Amino acid sequence: MKWTTLLAASIFLMPGAAMAQSKGTVEGIHHWVSESEVKALKVITDKLASKGYRWQDSAVGGLSGANALQALRTRLAAGNPPATMQFLGYEGLDWGKEGVLRSLNDLYTKNGWDKALAPQLLAFVKSGDDFISVPVNMHRQNWVWANKAVFDKAGISEPKSWDELIASGDKLKKAGVIPLAIGDEPWQILEVFEAILVDTNGPDFYQKAVIDLDEQALSSDKMVATFDRLRKIRGLVDEGFTGRDWAVATGLVASGKAAMQVMGDWAKGEFLAKGMKPGVDFLCFPTPTATPNFKFVIDAFGLFKLSDPATIEAQDAWAESIMDPQVQKDFNKIKGSIPARSDVSVDDFDACAQRSFADREAAVAGGTMLGGLTEGFAAKPQFAGVFSDVVSKFFVTDMSSKDAVQALVAGIDNAR
């Protein structure tokens with residue numbers, strides 16, 4: 001999801017693309033540019049190449065996909081859409097309403113894809129009566145990643161509450177280790193805030209405050225207390241966090257310079273890319289809560305309306321490559337996520353993925369499957385943007401918790 005080198009991404013994908021020159025080409029805009037993301041994408045593009053089609057990579061990294069989205073707007077304004085685009089949250093639904101995406105109903109009907117997806121996913125791949133995208137994965141957002149050697153040396157185990165996590169962080173700080181690795185990008189900070197919000201107040205409060213945007217919940221003492229706890233978390237962060245990319249923060253944990261990172265399970269892909277093993281070199285556990293919940297994020301690709309028959313045929317091949325069960329298995333083993341398809345076994349996945357898969361089933365059954373705010377699965381962009389602006393400003397300044405809540409309420413009111 002984020003930022004490394006566009007050149008590296010392009011070079012990595014060239015061999016698969018070069019294999020197929022005889023049929024149509026699929027140009028895709030996406031924001032997968034970190035080491036593990038590029039390797040995972042190659043699983044799909046290799047499958048596409050095996051069908052005789054060429055992949056044209058148009059990666060745009062940075063800002064959790066915001067830069068890629070701006071690139072798409074520019075392309076559409078110029079009347080030059082790509083064949084496909086990676087979507088998060090409401091992005092695909094919004095473009096579906098604009099009428100620029102193909103209906104994928106025939107492909108879904110032909111392949112029975114809807115039967116393989118959890119109900120929570122359908123809301124983000126369908127606009128009105130039309131399926132408008134295909135999901136390749138499901139990330140769990142509310143994870144803590146820890147360096148096992150650092151935890152063992154400090155005598156720290158998996159915390160059962162945020163207060164315990166903060167206390168462990170204080171112990172680590174005294175030992176000369178960065179307790180929590182993070183950057184100052186708003187989305188990274190919001191990842192932590194929303195985890196605290198749901199973990200300490202419960203899924204029902206998250207529903208009211210973030211999804212329903214209930215003003216009473218937004219202005220409540222519980223919201224003030226959430227900011228108070230975020231302020232304590234700020235005390236666990238080193239002063240070198242300015243301008244730090246998420247994957248760089250993961251690298252600090254991997255190297256043992258930092259102990260923990262609160263991040264979606266795309267971080268696991270970075271550990272795996274370094275040859276590290278879960279349970280041996282790094283630890284994975286959900287953010288601490290009394291009420292288990294699963295904060296989900298999916299990456300899906302929509303297909304734009306184009307007129308060239310060869311490109312349309314190539315688009316179909318791209319969609320079918322994404323939804324291929326073996327592709328979903330191989331892709332997600334690299335990416336760190338679990339398959340979007342619930343009918344793909346994860347028995348041969350690592351322990352982190354198996355825990356994620358089991359927790360997803362429990363959350364679906366228990367009604368605690370929640371869309372992630374940061375990546376656009378809980379609130380529409382104009383409201384998510386208010387949360388992001390207020391929370392990030394609070395984190396990097398001395399704003400009081402009460403002032404932050406007032407700014408949040410005012411901002412949401414202005415965005416309605």
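Me: A disulfide is a pair of cysteine sulfur atoms within 2.5 Å. How many disulfides does the structure hold?

Reply: The model is predicted, and the cut-off of 2.5 Å is applied to its cysteine sulfur atoms. The number of disulfides in the structure is 1.

Me: How many residues apart in sequence are the parts that Cys-284 and Cys-352 tie together?

Reply: Because Cys-284 belongs to strand β11 (residues 282–286) whereas Cys-352 belongs to helix α17 (residues 351–366), the pair ties together parts whose separation in sequence, in residues, is 68.

Me: Is the link of Cys-284 and Cys-352 left-handed or right-handed, and are both cysteines buried or exposed?

Reply: The angle about the S-S bond in the link of Cys-284 and Cys-352 is -105 degrees, which goes with a link that is left-handed. As for accessibility, buried means under 20% relative accessible area, and this class holds for both Cys-284 and Cys-352. The two descriptions asked for are therefore left-handed for the link and, for both cysteines, buried.

Me: Which side chain meets that of Asp-316 in a salt bridge?

Reply: By the rule used here the count of salt bridges comes to 19, and one of them involves Asp-316, with a distance of 2.8 Å from N to O. This pair links distant parts of the chain, 214 residues apart, with Asp-316 in helix α15 (residues 309–322) and the partner in the loop between α4 (90–98) and α5 (105–111).

Me: In which helix does Asp-163 lie?

Reply: Asp-163 and Arg-229 meet through their side chains in a salt bridge of 3.3 Å, N to O. Arg-229 lies in helix α12 (residues 221–234), so the pair ties together parts that are 66 residues apart in sequence, the other part being the helix of residues 162–174 that holds Asp-163, namely α8.

Me: Does Lys-329 count as buried or exposed?

Reply: A salt bridge of 3.7 Å, N to O, joins the side chains of Lys-329 and Asp-348. The partners are 19 residues apart and belong to distant parts of the chain, Lys-329 in helix α16 (residues 325–335) and Asp-348 in the loop between β14 (338–339) and α17. Asp-348 is partly exposed, with a relative accessible area of 45%. For Lys-329 the relative accessibility is 16%, which is under the limit of 20%, so Lys-329 counts as buried.

Me: Where does Leu-213 lie?

Reply: Leu-213 is not a glycine, yet its phi is positive, at about 55 degrees. Because its relative accessibility is 8%, Leu-213 counts as buried. Leu-213 is placed between α10 (203–211) and α11 (215–218), in the loop.

Me: How many charged residues does the lining of the largest cavity have?

Reply: The count comes to 1 cavity of 30 Å³ or more, and the largest cavity holds about 40 Å³ of space. Its lining consists of Phe-87, Leu-88, Gly-89, Gly-92, Phe-124, Ser-133, Ile-298, Ala-300 and Phe-377. Because Gly is counted as polar, the lining divides into 6 nonpolar and 3 polar residues, and the number of charged residues is none.

How values were computed
Residues are numbered from 1 along each chain as its sequence is written. This is a predicted model: local features need pLDDT of at least 70, side-chain atom pairs count only at pLDDT 80 or more; totals for chains, interfaces and linings use all residues. Side-chain values use heavy atoms; hydrogens and water are left out. On a 1 Å grid over the protein atoms alone, a cavity is a set of points where a 1.4 Å probe fits but cannot get out, and a pocket is an open set with protein on both sides within 12 Å along at least five of seven lines; lining residues have an atom within 4 Å of a point. Grid points are joined across faces, edges and corners, and a volume is the space filled by probe spheres set on the points. Helices (H or I, at least four residues) and strands (E, at least two) are DSSP runs, numbered from the N terminus. Buried means under 20% relative accessible area, exposed over 50%, partly exposed in between (1.4 Å probe, protein chains only). A salt bridge is a side-chain nitrogen of Lys or Arg within 4 Å of a carboxyl oxygen of Asp or Glu.
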